[in-house]
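Please keep the sequence and the structure at hand while reading.

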Amino acid sequence: MTTLMTILGIAVFVIGLGISIAWHELGHLSFAKLFGIRVPQYMVGFGPTIWSRHRGETEYGIKAIPLGGYIRMIGMFPPGKDGRIEARSTSPFRGMIEDARAAAFEELQPGDEKRLFYTRKPWKRVIVMFAGPFANLVLAVVIFVSVMMTFGTNMQTTTVGKVSDCVIQASADRSTCEKGDQAAPAKAAGLKAKDEIVAFNGVPVKDWSTLQEDIRANPGKEVTLTVERGGKQLDLTATLIKNQVSKTDGDGGYVQGEYVYAGFLGFTPATGIVPQTFTQSVDRMGDMMENGVESLISLPAKVPALWDAAFGDGPREPDSPMGVVGAARVGGEIATLDIPATQRLATFLMLVAGFNLSLFLFNMLPLLPLDGGHIAGALWESLRRNLAKVLRRPDPGPFDVAKLMPVAYVVAGIFICFTVLVLIADVVNPVRIS
């Protein structure tokens, strides 16, 4: 049964992956057709074609390897200065440039002269290239906010999980009380496990983060805790003490290895699935975006640890880069988790949302052959053309993005090497969930 559920989980993730890729390419396709650019192909996947149909002037199809997709637009690059579409050169770099230029004009038909990608105004090209990643961002936001508002998220609550017996500094290398330790204020006040703290000094408590801030901001003060116990409310009086506690990240979490002195009550909050409001969901999506950007920036620094995890004895860190194979494996593990079916579904959806957010951020890097590279080229063309207009100089014409193809090949080579490294790590030392 576990094997069957694992296979089912992987299959569900692959379907979600395919939908995400198709949605990305549909973003490109829709605006390309809107702006009159001819698109001969719309494909989900790479490699051999396993299914395709022609609709109008476009061939729609699915390929065997579900690791990406593409649409092929006529005239992605402008002709050379001599106006020729094809040229030959003994220089390998020049050959790369002209091969890319020639490929951009494959299947050129009469009447296509006015339907070429490079002939569109820069702002239209920016929209066409941005539409793909933006489609992934929209899908990520819709899934994330919907899951947060309907299923909720696992978070710390204002319900008491465990009451500490004594006061121990956060940096102490022990968790048990010793002779001479002061009794924890929570225990002295009579706080018990499963009590729900509903008010602090008469002010209603909305969430754990707010309660945590209130406790920490009142060292040495006597406070009143209103708790709900057995369907009844009662007031407890506690004198908070100043103690060394872990530094917080502002959202109720902790910064590992960093400590501050603040008010201390002495209990561990229980965790639970809590639905979020629209505003809370949007805030959490913003945090997710911020974390995604930080992860992308820190990606090169994680390569040594990833290499050690793949070829050495190093552990696979929870925040280690993970590829499609690793994500599919996680999808299989989610299906076997001993949690309610609704939470398994929510976790699946969150995995797909995270994948779409990663697609958006990664594709926005201003590097060819990524969408962000074409966007950067169009913006640069717009800048220099407008600058020439202001300075009353001749129009410099389209920016020849094809000249950057040698750089694009280098970038693509780096991406391929990184992808292979992640693939090996995902197979021999995968990221696991609990």
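The model is a predicted one, and its description can begin with Glu25, a residue of helix H1, which spans residues 2–34. When residues up to four places away in sequence are set aside, Glu25 is in contact with Tyr42, Met43, Gly69, Tyr70 and Ile71.

Glu25 is buried and yet takes part in no salt bridge, the nearest side chain of opposite charge being that of Arg72, at a distance of 11 Å. What does the side chain of Glu25 reach at 3.4 Å? The partner is a backbone atom, namely the nitrogen of Ile71, and Ile71 is also among the residues that Glu25 touches.

## Enclosed and open space

The structure contains 1 cavity of 30 Å³ or more, and the volume of the largest cavity is about 80 Å³. Its lining is made up of Met76, Pro78, Phe117, Tyr118, Arg125, His374, Gly377, Ala378, Glu381, Pro398, Phe399 and Val401. Helix H10, running over residues 371–390, makes the greatest contribution to the lining of this largest cavity, with 4 residues.

## Backbone geometry in the loops

A cis peptide bond joins Leu368 to Pro369, with omega near 10 degrees, and Pro369 is situated in the loop between helix H9 (341–363) and H10.

Asn201 belongs to the loop between strand E4 (196–200) and strand E5 (203–204), whereas Arg392 belongs to the loop between H10 and helix H11 (405–428). With a relative accessibility of 41%, Asn201 counts as partly exposed, while Arg392, with a relative accessibility of 80%, counts as exposed.

## Leu361 in helix H9

Leu361 is a residue of helix H9. Is Leu361 buried or exposed? Leu361 counts as buried because its relative accessibility is 13%, which falls under the 20% limit for that class. Apart from residues up to four places away in sequence, Leu361 touches Met289, Gly292, Val293 and Leu296. Between the C-alpha atoms of Leu361 and Ser246, which are 115 residues apart along the chain, the separation is 32 Å.

## Salt bridges

The structure holds 8 salt bridges. One of them pairs Glu258 with Lys247, with the closest N and O atoms 3.5 Å apart. Because Glu258 lies in strand E9 and Lys247 in strand E8, this pair ties together parts that are 11 residues apart in sequence. Glu258 counts as partly exposed at 38% relative accessibility, and Lys247 counts as partly exposed at 36%. In another salt bridge, the side chains of Asp426 and Arg316 meet at 2.9 Å, N to O. That pair links distant parts of the chain, 110 residues apart, with Asp426 in helix H11 and Arg316 in the loop between helix H7 (303–311) and helix H8 (324–335). Both Asp426 and Arg316 are buried.

A further salt bridge joins Arg385 to Asp395, the closest N and O atoms being 3.0 Å apart. Arg385 lies in helix H10 and Asp395 in the loop between H10 and H11, so the pair ties together parts that are 10 residues apart in sequence. Arg385 counts as partly exposed, at 26% relative accessibility, whereas Asp395 is exposed, with a relative accessible area of 53%. Arg385 and Asp395 also belong to a network of salt bridges that includes Arg125 and Glu381, and Arg125 and Glu381 are in turn among the residues that line the largest cavity.

How values were computed
Residues numbered from 1 in each chain as written. Predicted model: local features only at pLDDT ≥ 70, side-chain atom pairs only at ≥ 80, totals over all residues. Heavy atoms only, no water. Helix = DSSP H or I, 4+ residues; strand = E, 2+ residues; numbered from the N terminus. Buried < 20%, exposed > 50% of the residue type's maximum accessible area, 1.4 Å probe, protein only. Lys, Arg positive; Asp, Glu negative; His and termini not counted. Salt bridge = Lys/Arg side-chain N within 4 Å of Asp/Glu carboxyl O. Polar contact = N/O pair within 3.5 Å; in protein donor to acceptor, adjacent residues only side chain to side chain. Contact = heavy atoms within 4.5 Å. 1 Å grid on protein atoms, 1.4 Å probe; cavity = no way out; pocket = protein on both sides within 12 Å on 5 of 7 lines; lining within 4 Å. Points joined across faces, edges and corners; volume = space filled by probe spheres on them.
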